[in-house]
Amino acid sequence: MPENCLTSLLETQGFRVKRLEPGFHKGQSSVVVHMERIIKGHTCGKCGQAVEQGYDSSWQEVQHLMLWHHLCFLRFERYRVNCPRCGIRTEALEFVDVRGPRVSLRLARLVAELCKVMTNKSVGLFQVMHRGTIKEIDKRAMTKVQAERPLDGITVMGADEIAVGRGQNYWTMISVPEGPRGPELLNVVEGRREKSLRKFWKWFGKDRARRVTHVVMDMWAPFRNSFKAHCPDIQIIYDKFHVIRHLLNAVNDVRKSEFKKRAGKRFRGLLAGKKFILLSRLAHVRGKSREALNDLLAASPKLLKAHLLKESFGHLWSYKSRTCARRFFRQWVDQLKWTRMKSMRQFAKRVEKHLDGILAFCDKKVSLGYVEATNLKAKNIIRRAYGFRDKAYMKLKIIQGCTPWMSQFRPWTVTHSSSS
Ligand SMILES: [Zn+2]
């Protein structure tokens, strides 16, 4: 019997294929699979309690995985039950959710996987579904993963801010640069104040917070205060990536003030559009850009000085002992004497204030590549998702994209393992 074979291939537990009905849907060739119930009894969709009698029923049609090149729909009778605990509820079935878009679980899983590597628009075209439905499915899947993710065994964390949209709008990303599940992004919260982080701690759990020993972060007081308040044994590390970011900003300010002060046409021409050449590492500037840089530095002693200081500052991280690193920093600051570079001095002051935390890398090596990479990746996702408007969805997308174990594309293994 072909229907028997179909039934076992479909794996629709409790239902049998009765007949197939070819037709059309949205101008596409389609097949409706009519199914017949073979299980007796029902299960409450809320609490899982077995209920013998159905309360009432209606016909439901849900979209399923493509059958060859035909759209496929499963049609079956769905009951509501009168549960002694929950009242009247839709029954639970193994191949389709109680709520949400009208798709089978297998199709929902595939769509969620496809959304990791394709735009929602292309997934919609590929599966002949509305973009809104695709988003809804993806959001539900990610919400579930985020709610059920394991959080134990974390001792090293990272906190970083990211600009969102126009204006001074920041989100805080809290990550795990290294941990039992590899690097992962734990959560994204709106704002970068101590108050905004409170939500995160509530979600993460008090006892888990107590076990965190190290945190990698920017020199930003609200982050420091928040971690000090929630993790008693915390050692704060101000990492290279963040410190250098402030240094580059300072050098850029020198560039801007030079531009304003020296109005000469020739000099302005030299300076215009040279931001990235000036801020890139010297070893990475080659060819024409290198010539332009040399001309620029020859024309402005102040910029030359700032540039040299910028280039040498990275050495700080090559020291293995705190004493030597401290000595290096003193010498570096000495070179700022007799110069009038306000932004550079401010930077030096800031570093001075946080020096203990900066030199903490001497005792504890944390792989910093992840913090930097996460920042870049999140920026890309935000840029791509600029039209989304749904903040919760964007946050989940960032979390997924920056957590390798979540973003792994496994279109079929997931669907297979779930049935066994
Ligand atoms: Zn119930």
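Mentor: Tryptophan 68 sits in the loop between β5 (56–67) and β6 (70–83). Strands here are DSSP runs of E, at least two residues, and helices are runs of H or I, at least four residues, both numbered from the N terminus. This is a predicted model: local features need pLDDT of at least 70, side-chain atom pairs count only at pLDDT 80 or more, and totals for chains, interfaces and linings use all residues. Residues are numbered from 1 along each chain as its sequence is written.

Most residues other than glycine have a negative phi. Tryptophan 68, not a glycine, has a positive phi of about 50°. Tryptophan 68 counts as exposed because it has 7 C-beta neighbours inside 10 Å.

Now tryptophan 338, in the loop between α13 (322–334) and α14 (342–353). Its phi is also positive, about 65°. With 6 C-beta neighbours inside 10 Å, tryptophan 338 counts as exposed.

Next, the helix pair. The axes of α2 (residues 105–117) and α4 (residues 131–148) come within 9 Å and cross at roughly 90°. Axes are lines fitted to C-alpha atoms over the stretch in contact, with angles from 0 to 180 degrees between N-to-C directions. So α2 is roughly perpendicular to α4 (65 to 115 degrees).

Technical notes
A residue is buried if 20 or more other C-beta atoms lie within 10 Å of its own, exposed if 12 or fewer, and partly exposed in between; C-beta atoms are placed from the backbone. Angles under 35 degrees count as roughly parallel, over 145 as roughly antiparallel, 65 to 115 as roughly perpendicular and the rest as oblique.
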